[in-house]
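Welcome, and please open the structure in your viewer. We will go from one selection to the next and see what is there.

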Amino acid sequence: MNIVTTLDGPTARISPCGEVDFDTLPPLRAAADELPPQVTELQWDLSRTAFMDIAGLHLLFGPGSGPRRRTTVTGLRDQPLWLLLTAADANPDVFDLARLLPDIPPARFRPAAV
């Protein structure tokens with residue numbers, strides 16, 4: 001997996017290239033953990049990620065993704081978006097997509113058939 005991190009003042013963008021699974025979760029977490037303390041906004045650019053399994057939910061909603069940094073996601077492709085929508089439909093209190101996907105209207109937070 002290739003991971004590109006771009007810093008712009010208090011904002012960081014992490015752009016992985018490849019699948020997000022339990023093999024790639026440690027380096028992705030490390031990329032976020034290594035960000036300087038002045039970074040208050042983290043954007044995951046998943047435009048080069050065609051597949052994400054439950055490890056992606058751990059990455060985006062697990063420890064380290066909490067209130068210390070505002071975390072958003074951009075560039076979601078069909079399967080990762082489907083996974084997020086399905087998780088939010090199953091447990092909306094845990095998987096708060098309004099926080100993670102501020103550019104998508106809440107009415108869109110319905111799983112689509114794949």
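This is a predicted model: local features need pLDDT of at least 70, side-chain atom pairs count only at pLDDT 80 or more; totals for chains, interfaces and linings use all residues.

Phenylalanine 95 has a relative accessible area of 17%, so it counts as buried, the cut-off being under 20%.

How are phenylalanine 61 and phenylalanine 95 arranged as an aromatic pair? They sit edge-to-face, with 5.1 Å from centre to centre and 85° between the planes. A search of the whole structure turns up one aromatic pair, and you are looking at it.

Phenylalanine 61 belongs to helix H2 (residues 54-61), while phenylalanine 95 is in the loop between helix H3 (78-90) and helix H4 (97-100), so the pair ties together parts that are 34 residues apart in sequence.

Let's move to the sheet. Select its four strands: they form an open sheet in the order S1-S2-S3-S4, with mixed pairing. Strand S1 (2-8) and strand S4 (70-74) are at the edges; each has a single partner strand, so one side of each has no neighbour in the sheet. From one strand to the next, the twist averages 20°.

Zoom in on S1 and strand S2 (residues 11-17), which pair in the antiparallel sense over seven bridges. For one of the partners, click leucine 7, whose bridge partner in S2 is alanine 12.

Finally, show helix H1 (residues 25-33). Helix H1 packs on the sheet and touches S1, S2 and strand S3 (41-45). The direction of helix H1 makes about 15° with that of S1.

Note on methods
Residues are numbered from 1 along each chain as its sequence is written. Side-chain values use heavy atoms; hydrogens and water are left out. Two strands pair if DSSP finds at least two bridges between them. Helices (H or I, at least four residues) and strands (E, at least two) are DSSP runs, numbered from the N terminus. Axes are lines fitted to C-alpha atoms, for helices over the stretch in contact, and angles run from 0 to 180 degrees between N-to-C directions. Contact means heavy atoms within 4.5 Å. Rings of Phe, Tyr and Trp (its six-membered ring) pair if their centres lie within 6.5 Å; planes under 30 degrees apart count as stacked, over 60 as edge-to-face and the rest as tilted. Buried means under 20% relative accessible area, exposed over 50%, partly exposed in between (1.4 Å probe, protein chains only).
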